[in-house]
Amino acid sequence: MCATAGMRAGCDWLAWPPDDTTPPVLTALAGGVGAARMLRGLAAVVGPTTITAIVNTADDVVLHGLHVSPDLDTVVYTLGAGNDEERGWGLAGETWTVMVSLERYGGQTWFRLGDQDLATHLYRTQRFAEQATLSEVTAEIAAAWSVGVRLLPMSDDRVQTRITVAGPVPGTSTEIGFQEWFVDRRHSVTVERLRFEGADEARPAPGVLAAIADAETVVVCPSNPLVSIAPILAVPGIADAVQARRDDVVAVSPIVAGAALRGPADRLLRDLGPESSVVGVARLYAPFAATLVVDDADADLAPGVEAAGMRCVVAPTVMRGRAGAEALARVVVGR
Ligand code: FO1
């Protein structure tokens, strides 16, 4: 039976707020913009101090000699209330004078780095030169933005999503970096395959496995299953840790009515499978997550989600503003 939030009065998980006052300990697997908004909703509902976010770093890129961590920065800026809400990534009130100046030289400006945003990459790169780890730098940057939620990179080791696309000559293939595909090619070219270079040798960052083991609920944020969630699970030890908590793992589908709200999740699910639908997401997530929250628009696919092995909760998953994110957070926490 598919539980529909708000219909089955008296369900334990509809009781909100919970009787006791101690906020639930949550751990979230997070990618970019959708995850940042989900985390903002969760923090508003249960408070930031008992939430740990394990963030994808396979989108990271080195440009102009600077180490850029897009998913970590998107989460930091959003929880730190500095983000540009419309663009989704980067900072509000951003200026681009360095990019304009760089164009004078014909430098690399396809990946837009704003003047304020550059400070983050300058600082992170300097700290790496001082032998700091990504975990350490992330904690420093998060503290500077008063983020509250504990942010952990999935690993302090370099993991890079590599995308294989059709080559310049028909019948050939070429492998490019994630940002080159996502930004430079506007994720508009078919993906033949993807891999996470370095994942096999990577170790979970300090605190990651404990955060998964100790959480009351593990939340899989509405992030891209194939290039945000999958890289996290590709770090040896993490998938097993999440699977061990399967009964307490709640995922939010990033696909609504067959489409992604932002970014290329739908195209990747079409290119690489299983399919661009909540049933496709369920088939990917069933091994490690017991519950999938899908939007009202997909209520008719709930039986398919349950046939794929996941309990299905139907609720508004399109986070319209903060109220929308908080309402979804209540469903996820109440599960
Ligand atoms: N996305 C774009 O579509 N164009 C950009 O020029 C761009 C620059 C950029 C700079 C810093 C940053 O943290 C993110 C940036 N993004 C840009 C978004 C980024 O590609 C995505 O947020 C993730 O990599 C996918 O989740």
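Hi everyone, let's begin with His-187, which sits in the loop between helix 6 and strand 9 (191–197). Helices here are DSSP runs of H or I with at least four residues, strands are runs of E with at least two, and both are numbered from the N terminus. Before going on, a word on the source: this is a predicted model, where local features need pLDDT of at least 70, side-chain atom pairs count only at pLDDT 80 or more, and totals for chains, interfaces and linings use all residues. Residues are numbered from 1 along each chain as its sequence is written, and side-chain values use heavy atoms, with hydrogens and water left out.

Back to His-187: its phi is positive, about 35°, although it is not a glycine. For background, most residues other than glycine have a negative phi, and most peptide bonds are trans. His-187 is partly exposed, with a relative accessible area of 23%. On that scale, buried means under 20%, exposed means over 50%, and partly exposed lies in between, using a 1.4 Å probe and protein chains only.

Ala-257 also has a positive phi, near 50°. You'll find Ala-257 in the loop between strand 12 (255–256) and strand 13 (259–260), and at 55% relative accessibility it counts as exposed.

Next, a peptide bond: Gly-273 and Pro-274 are joined in cis, with omega about 0°. Pro-274 belongs to the loop between helix 10 (265–272) and helix 11 (278–285).

Now please look at helix 8, residues 225–234. Eight of its ten residues are buried, so the helix is largely enclosed by the rest of the structure. Among the buried ones are Leu-226, Val-227 and Ile-229. Asn-224 caps the N-terminal end of helix 8, with a side-chain oxygen 2.9 Å from the backbone nitrogen of Leu-226.

Finally, the ligand. Which residues come nearest? Of the 13 residues around the ligand, they are Asp-59, Pro-70, Asp-71, Arg-112 and Gln-179; a residue counts as near if one of its heavy atoms lies within 4 Å. A polar side-chain atom of Gln-179 is 2.7 Å from a ligand oxygen. For Asp-59, an N or O atom of the side chain lies 3.1 Å from an oxygen atom of the ligand. The largest share of the shell, four residues, comes from helix 6.

Key: A polar contact is a pair of N or O atoms within 3.5 Å; within protein, one must be able to donate a hydrogen and the other to accept it, and residues adjacent in sequence count only if both atoms are side-chain atoms.
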